[in-house]
Protein chains: 4
Amino acid sequence: MGSTWGNKFKVSIFGESHGNGIGAVIDGLPAGIDIDLDRVQNELNRRAARGNPLATPRKEGDQIEVLSGVFNGKTTGAPLAGLIRNENTRSGDYAKTKDLMRPGHADYAASVRYGGFQDYRGGGHFSGRLTAPLVFAGAIAKEIIRVIRPELGIGSRIVSIGNVKDTEVCDWKVYKTLSKGFVNPAFPLYHAKLEDAMKQEIIAAMADEDSVGGLVEGFITGLEPGIGNPFFESIESRLSALLFSIPAVKGVTFGAGFEVASLRGSQTNDAMRFNDGRIEAVTNYNGGINGGISNGMPIVFQVVFKPTPSIGKEQQTINLAERKEAALSIQGRHDPCIVVRAFPVVEAATAICLADFLI
Amino acid sequence: MGSTWGNKFKVSIFGESHGNGIGAVIDGLPAGIDIDLDRVQNELNRRAARGNPLATPRKEGDQIEVLSGVFNGKTTGAPLAGLIRNENTRSGDYAKTKDLMRPGHADYAASVRYGGFQDYRGGGHFSGRLTAPLVFAGAIAKEIIRVIRPELGIGSRIVSIGNVKDTEVCDWKVYKTLSKGFVNPAFPLYHAKLEDAMKQEIIAAMADEDSVGGLVEGFITGLEPGIGNPFFESIESRLSALLFSIPAVKGVTFGAGFEVASLRGSQTNDAMRFNDGRIEAVTNYNGGINGGISNGMPIVFQVVFKPTPSIGKEQQTINLAERKEAALSIQGRHDPCIVVRAFPVVEAATAICLADFLI
Amino acid sequence: MGSTWGNKFKVSIFGESHGNGIGAVIDGLPAGIDIDLDRVQNELNRRAARGNPLATPRKEGDQIEVLSGVFNGKTTGAPLAGLIRNENTRSGDYAKTKDLMRPGHADYAASVRYGGFQDYRGGGHFSGRLTAPLVFAGAIAKEIIRVIRPELGIGSRIVSIGNVKDTEVCDWKVYKTLSKGFVNPAFPLYHAKLEDAMKQEIIAAMADEDSVGGLVEGFITGLEPGIGNPFFESIESRLSALLFSIPAVKGVTFGAGFEVASLRGSQTNDAMRFNDGRIEAVTNYNGGINGGISNGMPIVFQVVFKPTPSIGKEQQTINLAERKEAALSIQGRHDPCIVVRAFPVVEAATAICLADFLI
Amino acid sequence: MGSTWGNKFKVSIFGESHGNGIGAVIDGLPAGIDIDLDRVQNELNRRAARGNPLATPRKEGDQIEVLSGVFNGKTTGAPLAGLIRNENTRSGDYAKTKDLMRPGHADYAASVRYGGFQDYRGGGHFSGRLTAPLVFAGAIAKEIIRVIRPELGIGSRIVSIGNVKDTEVCDWKVYKTLSKGFVNPAFPLYHAKLEDAMKQEIIAAMADEDSVGGLVEGFITGLEPGIGNPFFESIESRLSALLFSIPAVKGVTFGAGFEVASLRGSQTNDAMRFNDGRIEAVTNYNGGINGGISNGMPIVFQVVFKPTPSIGKEQQTINLAERKEAALSIQGRHDPCIVVRAFPVVEAATAICLADFLI
């Protein structure tokens, strides 16, 4: 279990990388909301990173078919189901290496969990490909939010790739502008000029048949104060649960994150003031959340992605069937840096979380 | 909503800092498990930090009364309810400042969320005091785990307070030893000699009528591979949701955490090998989890705590009722560093999460 | 598990008949709702049937203490916890017969389910006494509904006891009047004159050291159309789940119930019309629900209660410990007909269900 | 919301009668279970009642495509998704009558609930056609149960149609035999000779352009004692919630059902005895359940179906758009008695409920 989430925006994702299809069913949608299928498809295209030379050469159409829940261009209130057929699968690639546990992948953990019956082809249900249903659900969430909270902005930016780092924590006033778009939307940076240096990190990793990690920042602007709950249903609890469900995520922080460990309360308390009659905080060390509830400031959080575990470089591992050690060099089509495709997934998770709070 | 959690170990916490009582109801317990109420009370005493001069001088008995679910010293299988009466409350302290939104606290966010009807005394339901029911639930979870997985170790250590930092990521082989105990269990450090320096950080903050943050590491040893789920019910998703429900937590990472952002896949992939016939990884950058599922290595994660928001130092804030700015200096009894009381809460969250997976 | 329910009005009940206390925690309440504790206590008194010579002579105070969630007479939005201490327990009554499985009770099923560790005294968690927390939760639900839907009426009546039957299905126009009250609120009948005959059924059963069953009808008036959901979250699904959680309930029907099995569609379809501009149905065979959703007509449903299983008359049963057959004559204080105390519980379940839909 | 159910066997159904497709996603399946797709398809064929002259002449292929969760003929442990394409839809049939609220249907309730945006064609998500995904999920549940509880029998029989009634409550010893099959599996009767008389009831209703209701009994044999929970997760609560999610169900009873209202406790208590060392009850008035938990006797329950609301006979109703009264005669292809297709749906709901308890 683990592929169902939500209190009000209830999403159930399904599929395996090389099965008949992948998709999602979303229950709990309000009726009468316009669904622009072009915008929805576009979110999937952003994730697919088509034409991006730094992404996997596997060409996935990722064409979404809506099976239910939309009638005359609007939500019906019934569950909205979407299906993406798997194409361009080369399942044969995987059969010969199925007993070799790819380090950093779920192969071994899943083999134990499912007694070896999991679909091993391309990682099966654990494949990064399953982020496509997440992005689909997020795209539907964005359509809902667009109508019920038009003032909301949801965005993301690449903070670092390898050793190239953009500004880590931006001034909170900047996020409203960032939510309008980036110089290169396909490579969203606070300092656009860092794009080449970051790409060089990826190219250098590729040259070594290796991969590289990075950092993504997500943000929400325009969220009114008073959204969220204490404890287990805090914004942080709900959103982190979704973000950690994205393959390769190993850390999530809100606001100034780990920096606050070495600071004083007088620094991180975010003094409050009136600005033109509106309540605001002077700083945003808390990332827009106190006690699990939005305080009216931008919600800002960072998500760390580990390097893609699939690398061509030879690695030491085990053959589970033969119970002996083995060397493994993963061939096939892989992303040398997941970050360049992951930021739309971070946005999708954010949109799903918001829709669940706001519906 | 937000005070109920769990699929199998279902915990519902209740209470406000200055109300009649706080507590928790736990549903889903197996029957026939020995409950040692002394051990349970001891976990509450660890959190209460009684006699610790660096903790709040508010003397809370935190005496637990079990109302149901235990008969003849064993669980009955029916819901186990525990009640802690509030004592030594000085509610008068809060009435005069109720319209002053304490920066860094939930006051403002909660005022909007609950239309001003929340119990403002001592933070009400948002008080750090509500970690006592969490610790109670965690203590019950530990009793269950002790029986159904005696080989499991759950522990925590202080990694940093202010600018004094202990070793950030320990060798994975060390955790089994750490799970047996620390030189000073009330101040668990990898390098015990750092205790004084850390305490000086707290004393220095106190002297400035300020507070200071820190970092806690939690760990689980002896967990078999194959526990957990993909996506929304991954160990990371479930555990982070619980950890972020602890007041003052602003970040959660697993394994090497943010360090992996700048590394290569060949470094972070955790090569696998056989050791005396047992499968193990050479390194533990993934913190014992792949694809949301345990891989047999120690589960290791870090939790950042912001400085306690209650400080004596004057801060700028607003008076919400009068809608004007105001200066605030918080008197009363507060913790200058929550970390010294928070590590047992991290363990409690960990035990609750594990019990939910293992029952 | 099984003692937690609700999507928005989340109730968690706890307690055993002879333990320290019983109660409920309710999460998800809107803040700022007036809670009249006298009305709440009165609902508990209705269930306790104090002074009713036909009910068990066990004198239960059933005094509720609210532990949290109410401040200055209003809900705070935090979980509302209520505790009822057990008094007047004669636990010794049960020890000597603990291995004798009382027929019609949960003794044997629970012994297997909980491996014999359940609190056997007075039925433990399975005791009819656990309807007190249900009634408490229902009373809180009624307080909420009183504010957010003042036009709603929730009521119940006794339809039959033993072989004395009141009108089975009333004309739908009658329910609005019934929701205002009955001639004898402690014995609510459509035809008040049947009270004596029904009581004679009970007295006759008592005289035989036996018990007798009966039928209760619950109803909701003033509910707007459009409340509810298709399938698993239909009004019928949600309400029946709650009603079947009341001990001794063996059947639930909506509208004309089992009668519709032998009718034609042209009879049961509830033709529609305009009445003074308002849409209404001519008849109410569907009990106010179509497709799981309210249609604006009174919601009407019937609940069958089996005779109380505790009887003085000798019964054949087994001694589980000695694994042999045994005769059992249950002494002690028992209700000869649960119906006279159960109708407030039916209302409580109804109010909980409604609050969950309407919050 | 309302189309998602389950704690362990989590099913999410989707689709509208005239949309692109209908189906279900099931999460929580154990891995490695053989799935015989022919048996699964056969369950769908039973519901489709192909070739049955008494069922709707709409010819639905109901061909299931499994999209995920099955690999090499066995469950993978990942979500199992199934899709049925809608065929043979004559959507034009419905456009012209969309503002005419069909009495007995969800049209009016759904119009209010969804603000008129629901897919009105053929009842949309409220169509009886949505029982196909239920049957699919039930068929998967049966496959699981076949492996994890091979001794279990799940069955159903027609108890009455219109005024022709078979034996209402059978001796409990009979159910084991019944679970092996019926003389005519497509028309399962305790007394097979009643088939003609029942069919005459249907034919008579058809002749009058009317429909007729009936009663179905479901049963489970071979279930060990100790399955289930008290209160909200009792077998009765869980199973009734599923049964009431089947369109047209208006009542559910367990054991002797409404009969117990007029009986004495000494009659309904089900005296216990040893039979060849096995514990059993002498009678089964409680339908195999005490305190929400199985007691080892057959689980027996009855489900009342109202007459199909779609009838050719002229009915009085309203035109919602024009807000005036109107006469309606429903043409098209409809079932004159849903019972002949509903009993496999009752079995499916039963299997889903059992799988949720037993996994």
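Two strands are taken to pair if DSSP finds at least two bridges between them, strands (E, at least two residues) and helices (H or I, at least four) being DSSP runs numbered from the N terminus. In this predicted model, strand β11 (residues 249–254) of chain A and strand β11 (residues 249–254) of chain B run antiparallel and are joined by three bridges. Within this pairing, Val252(A) has Val252(B) as its bridge partner.

The contact (heavy atoms within 4.5 Å) involves 101 residues from chain A and 102 residues from chain B. Together the chains bury about 7900 Å², 62% of it on carbon and sulfur atoms; buried area is the accessible area (1.4 Å probe) lost when two parts are put together, summed over both. Of the area that chain A buries against chain B, 12% is supplied by Phe231(A), Phe232(A) and Lys250(A), more than by any other three residues.

Six salt bridges are counted between chain A and chain B, each a side-chain nitrogen of Lys or Arg within 4 Å of a carboxyl oxygen of Asp or Glu. One salt bridge links Arg264(B) to Asp208(A), with the closest N and O atoms 2.8 Å apart. On the side of chain A that touches chain B, strand β11 of chain A contributes the largest share, six residues.

Residues are numbered from 1 along each chain as its sequence is written, and chains are lettered from A and ligands numbered from 1 in the order in which they are written. Local features need pLDDT of at least 70 and side-chain atom pairs count only at pLDDT 80 or more, whereas totals for chains, interfaces and linings use all residues; side-chain values use heavy atoms, with hydrogens and water left out.
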